[in-house]
Amino acid sequence: MKKITSLLAIALSVIFLSCGSDSSSEPASNWSPSSVPLNEYNGMKISEKITAGWNLGNTLDATDGTGVDSETSWGCPKTTKENIQALAASGINLIRIPVSWSNHMDDSTGVIDTAWISRVQEVVGWAIECNMFVILNVHHDVFESKYGTFTNYNYKYYNPTSADRAHSEKFVKNVWEQICRNFNENYDAHLIFEALNEPRLVGDEHEWNYLSTCNKCNEIVGEIQHLNQLALNTIRASGKNNALRLVIFPFMSASTAVAYDAKFSLPTDSANNVGLSVHAYSPYSFAMESPGESTFTDKHKNELDNLFTSLKKKYGSYPIIIGEYGATNKNNPQDRAAWFEYYVKKAKENGIKTCLWDNNQYNVTGSDYNEKYGFFNRSNNTWYEPELLNAIMRGTK
């Protein structure tokens, strides 16, 4: 055991050094790490190693366009290796890489464009070379009416209703089979899979508002649980490293309210290596609502305390990752800094890891604070407000 630990330390230090000095962009498919074997690092051990997380938002998940240029279609610059290196140097050691696949998929065959897969591999590889843990997911692939009629599609999208189960199963199985073929033995325990992102019935009155007595809500959550289990079974069936890899799962809309509900549970796993994924922009009035509240109060602290203790109470024996969190810019830097430090600190005290949502939208116009979740300036590799990063890092101590 001591020999294995020593080898791990040496290999990790080599990876860290190469992150800072190697300017090449060799795709991860040509890199075969052995620093963190999956049989040595289960989800709880991985969780212990994670300090601070960050999202590459509105980038590989952007859905305008079909080619690799879609990466910049929502206004974010093309991701560079220098971006990833700067994040790692800032103390970030978990990066969530949201990826949308349907707009890169041939609907008649279900095949994902190889150029797109290569681009995703490249970005994932850069992060792992910097000794960062990576969450790779299926992001904006839930059906929306703007795409037309769901029944017109063969392979694309999923829709969590019992009537659309067969089609949704086809999509989930197909997309995860291809992800697994391209992300398996060349990727050690640094790589984490997330089955879906905010799965929900888009446009429904309860899309973002789960009600335990709502029959439709319970049907949707039941279908999502079914699709989560199918995704896990598909990942495990791909064998090799994916037979053991940590996989995390959201419930309806990645809601904490659904996660709390005693009726619902994580998938059954032969490898005993699954975890919970939730999103928590909390308290909503401070963190997301526009104009909402801009002063961080004791009432908000109590709400956060209840959030974290409730998650720990039900899921404390699993890795718990808040895959998206953040406080929108309301020109209130001191209150946001206080919120970030308290949020991350209290999450850590309850064994919960946090991953900052960053859509690169920083500038505020008037009193419109909607979706101003820009934190890391990808154009010059600096933080818009370094004090917010410092607050996050203080919370991890």
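## Salt bridges and parallel strands in a predicted model

K173 has a relative accessible area of 39% and is therefore partly exposed. This value, like the others in this report, comes from a predicted model. The side chain of K173 forms a salt bridge with that of E177, with an N to O distance of 2.5 Å. Both residues belong to helix α5 (residues 165–182) and are four residues apart, about one turn of the helix. E177 counts as partly exposed because its relative accessibility is 30%.

The structure holds 18 salt bridges. Side chains of opposite charge can pair when their charged atoms come close. Three of these pairs are listed below.

| Pair | N to O distance | Location |
|---|---|---|
| K173 and E177 | 2.5 Å | both in helix α5 |
| E185 and K240 | 3.8 Å | loop between α5 and β4; loop between α6 and β5 |
| R336 and E385 | 2.6 Å | helix α10; loop between β10 and α11 |

The salt bridge between E185 and K240 links distant parts of the chain, the two residues being 55 residues apart. E185 is partly exposed because its relative accessible area is 40%, whereas K240, at 59%, is exposed.

The side chains of R336 and E385 also meet in a salt bridge. R336 lies in helix α10 and E385 in the loop between β10 (382–383) and α11 (386–396), so the pair ties together parts that are 49 residues apart in sequence. Both residues are buried; for R336, the relative accessibility is 0%. Leaving aside residues up to four places away in sequence, R336 touches F286, A327, T328, N329, Y362, K372, F375, E385 and L388.

A further group, E71, R119 and E122, is linked in a network of salt bridges.

The report now turns to the strands. Strand β2 (residues 92–97) is mostly covered, with six of its six residues buried. Strand β1 (residues 52–55) runs parallel to β2 and is joined to β2 by four bridges. In this pairing, G53 stands opposite L94 of β2. From β1 the chain passes through helix α3 (residues 81–89) to β2, in a right-handed β-α-β crossover.

Strand β2 is also joined by four bridges to strand β3 (residues 133–137), and these two strands run parallel. Here R96 stands opposite I135 in β3. The chain reaches β3 from β2 through helix α4 (residues 114–129), and this β-α-β crossover is right-handed.

Terms used:
Residues are numbered from 1 along each chain as its sequence is written. This is a predicted model: local features need pLDDT of at least 70, side-chain atom pairs count only at pLDDT 80 or more; totals for chains, interfaces and linings use all residues. Side-chain values use heavy atoms; hydrogens and water are left out. Buried means under 20% relative accessible area, exposed over 50%, partly exposed in between (1.4 Å probe, protein chains only). Two strands pair if DSSP finds at least two bridges between them. A crossover is right-handed if, with the strands pointing away from the viewer, the path from the first strand over the helix to the second runs clockwise. Contact means heavy atoms within 4.5 Å. A salt bridge is a side-chain nitrogen of Lys or Arg within 4 Å of a carboxyl oxygen of Asp or Glu.
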